[in-house]
Amino acid sequence: MPSYPPTRSALCFGGDYNPEQWSSDVWRADVALMREARVNLVTVGVFSWARLAPRPDRYEFGWLDEIMDLLAEHGIGVDLATATASPPPWFSEKYPESLPVDRDGRRLWYGSRQAYCPSSPAYREAALDLVSRLADRYGQHPALVLWHVNNEYGCHVARCYCDQSAAAFREWLRARHGDLDALNEAWGTGFWSQSYGDWSQILPPRATPTTNNPGQELDFRRFSSDALLELFRAEREVLHHVTPGVPVTTNLMAGLTSAFDYWRWAPELDLVSNDHYILAADPHSEIGLAFASDLTRGLAGGSWLLMEHSTSAVNWQPRNAAKAPGQLLRNSLGHVARGSDGALFFQWRASRAGAEKWHSAMLPHAGTDTKVWREIRSLGEVLHRLGEVAGSTVDADVALLLDYPSGWAQEAAAQPSVDMDCFAEIRRWHAALWRAGITADLAHPSADLTRYRAVLVPSLYLVSDADATNLKSYVDKGGTVLVGAYSGIVDECDRVRLGGYPGAFTDLLGVVIEEFFPLLEGECVALSDGGTGTVWTEAGRATTATVLVSHADPPVAGSPAVTRNAFGAGTAWYCGTRLAEPDLARLLHDVCERAGVEPVLAGAGAVDPRLEAVRRRHPDGTTYLFLINHAGHAVHVPATGTDLTTGDDVGAGVTIPAGGVAVLRNDVGKEE
């Protein structure tokens with residue numbers, strides 16, 4: 001399988017380049033400035049379908065020939081997009097049935113972007129024709145280093161409910177369930193007189209008088225993710241056939257959306273790439289950034305590529321705050337620290353018109369005499385000096401389990417509590433680890449967990465028998481697991497596991513829960529150790545587990561809140577409520593400490609909680625300690641090595657200024 005980058009000597013630096021927005025006399029100036037900033041990779045043609053094919057059966061490649069040649073002449077690699085992310089107006093006018101339809105039956109018209117149904121035969125045929133022409137024309141071009149399929153699949157239209165989608169959904173269901181009897185059993189259609197007698201009766205879960213069938217909703221979300229994935233596969237197969245040596249990617253949005261099962265997507269990409277944008281309203285956006293990077297690294301199973309982030313403000317939030325001085329560098333190195341082999345941006349030159357004209361860029365409206373341009377040049381220098389980091393992996397002794405269909409099922413209507421948000425709880429546990437200085441991988445419940453000292457399961461409402469067995473086997477062989485409330489409750493069809501909760505995990509955890517007692521909005525309860533439970537309580541008892549903390553308040557006073565159970569050679573912990581932040585931090589500390597998990601800066605004494613520390617490691621043993629100071633004051637770290645950002649040797653520790661960074665290399669046998 002092709003891979004990128006091909007060596008460990010360079011990190012990627014650049015971004016989306018949209019020359020079709022500008023006259024050709026600007027292009028040479030652009031390339032000269034790219035060289036000045038040390039740009040080595042640009043994504044070209046993402047939204048150029050209308051420029052490449054201005055009318056049906058007419059293609060114009062001359063402008064793209066010119067820009068590809070120009071970039072090659074100056075040694076800048078191209079991540080060439082297939083331009084299928086946004087069909088041109090003539091296509092949508094000619095094939096109106098290709099336009100997507102929402103749950104309420106409204107046709108979504110062209111005039112923005114992503115105006116296509118993933119199950120449209122007309123769209124697929126036209127897209128593959130364009131891809132074939134691009135591959136034939138540019139497959140041997142010296143600038144081409146990577147193919148970029150479509151763009152941010154499903155970020156605006158995650159699910160289409162049109163008749164074409166309905167037909168495709170039925171075929172998907174046939175493949176999944178086999179026959180109608182099995183489908184009716186899986187969906188529990190004996191309830192509310194929903195039993196299906198013919199495949200033609202099955203529709204997407206469109207707007208109905210009240211709650212839709214949960215099994216139908218879950219399968220439609222699975223289908224919708226797969227429908228977009230199938231589009232990617234179709235384009236990838238054309239590219240692999242014509243240009244077998246060129247890797248193929250598409251930019252995921254891990255950390256920004258939970259609408260797609262990216263565990264199914266990631267193995268299909270030659271290189272896992274991701275887009276991430278911080279939320280201006282979040283005072284601790286660096287933690288959300290870390291979550292997105294850790295998740296992408298988990299999807300990739302190693303290093304990956306940051307395909308898009310912003311130099312400063314974006315255009316799509318209610319209040320688009322600019323980034324403070326130094327934040328561009330911290331954000332970029334935050335991704336690199338956690339496994340990205342580069343930092344790319346949307347976009348190179350800020351647009352003069354269009355919906356994203358207020359989105360920041362590497363080259364802003366105000367030109368080169370600007371904070372952003374100076375910081376871009378500085379970042380280019382830093383990434384150049386960090387080139388040897390490429391291809392290294394990230395040290396992590398902890399895994400957080402995340403399963404997209406489980407979260408989707410838990411998001412369905414008519415649950416015990418709307419506040420039991422699966423994806424938010426996983427982020428909350430991850431944030432607690434971040435503050436403790438512990439690096440964690442995100443992993444699927446079916447993954448090989450044996451390399452981890454501890455596995456955390458914040459929220460796994462839905463779990464298959466095979467995945468439950470995988471977790472039990474990990475503990476049985478000596479692993480440590482902590483399972484959060486409302487986990488193990490249903491099977492993969494969203495059918496309740498009978499005999500008491502937590503269903504699939506009752507024997508592993510040594511507890512039996514009889515009834516859920518979710519809390520009303522704003523309520524909290526006291527726990528026997530002085531801690532606080534929020535959102536959720538439950539009535540139950542320990543069978544083989546030791547009760548460490550009990551509920552102190554009625555109606556579930558005396559029921560276990562935190563337990564620990566010996567299982568085989570390992571240990572299984574359970575938390576039957578959503579602990580307040582300090583109490584969650586304390587529990588995670590106890591679990592990790594008992595499992596032998598240490599912070600990255602273990603033994604370094606009291607280090608500021610806003611100092612981010614992550615270690616990358618090459619197979620030869622060389623390590624790279626990334627230190628990113630998000631605090632408003634300097635922080636001293638008793639670590640040694642060579643600071644690659646400056647070239648200085650650090651012998652007696654390093655002081656990271658407020659908002660500053662350092663990357664300490666330690667060679668084999670010299671690790672601090």
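## T642 and strand β26

In this predicted model, strand β26 covers residues 641-643 and includes T642. The relative accessible area of T642 is 17%. Since buried means under 20%, T642 counts as buried.

## The seven-stranded sheet

An open sheet is built from seven strands, with mixed pairing, in the order β12-β11-β13-β14-β21-β20-β19. Its edges are β12 (440-443) and β19 (546-550), each of which pairs on one side only. From one strand to the next, the twist averages 20 degrees. Strands of a sheet pair through backbone hydrogen bonds, and the sense can be parallel or antiparallel.

Strand β13 (residues 454-457) pairs with strand β14 (residues 480-484) in the parallel sense, over four bridges. Across this pair, L456 stands opposite L482 of β14. Strand β14 also runs parallel to β21, with five bridges joining the two; here V483 stands opposite Y574 in β21.

Strand β21 spans residues 570-575. Because five of its six residues are buried, β21 is largely enclosed by the rest of the structure.

The pairing of β21 with strand β20 (residues 560-567) is antiparallel and consists of six bridges. A566 stands opposite T571 in β21. The two strands form a hairpin with two residues between them. In the turn, G568 has a positive phi of about 60 degrees.

## Nonpolar cores

The largest nonpolar core holds 160 residues, and the members that touch the most others are L64, V455 and F505. Helix α5 (residues 121-138) supplies the largest share of this core, nine residues. Apart from this core lies another, of 15 residues, including W172, L180, F220 and A227.

Which residues does F505 contact, leaving aside its neighbours within four places in sequence? They are L460, V463, A468, L471, V483, S487, G488 and G510. One of these contacts, V483, is the residue that stands opposite Y574 in β21. V455, named with F505 among the members touching the most others, has a number within the range of strand β13 (residues 454-457).

Methods
Residues numbered from 1 in each chain as written. Predicted model: local features only at pLDDT ≥ 70, side-chain atom pairs only at ≥ 80, totals over all residues. Heavy atoms only, no water. Buried < 20%, exposed > 50% of the residue type's maximum accessible area, 1.4 Å probe, protein only. Core = buried A, V, L, I, M, F, W, Y, C linked by side-chain atoms within 4.5 Å. Contact = heavy atoms within 4.5 Å. Pairing = 2+ DSSP bridges. Axes fitted to C-alpha atoms, helices over the stretch in contact; angles between N-to-C directions.
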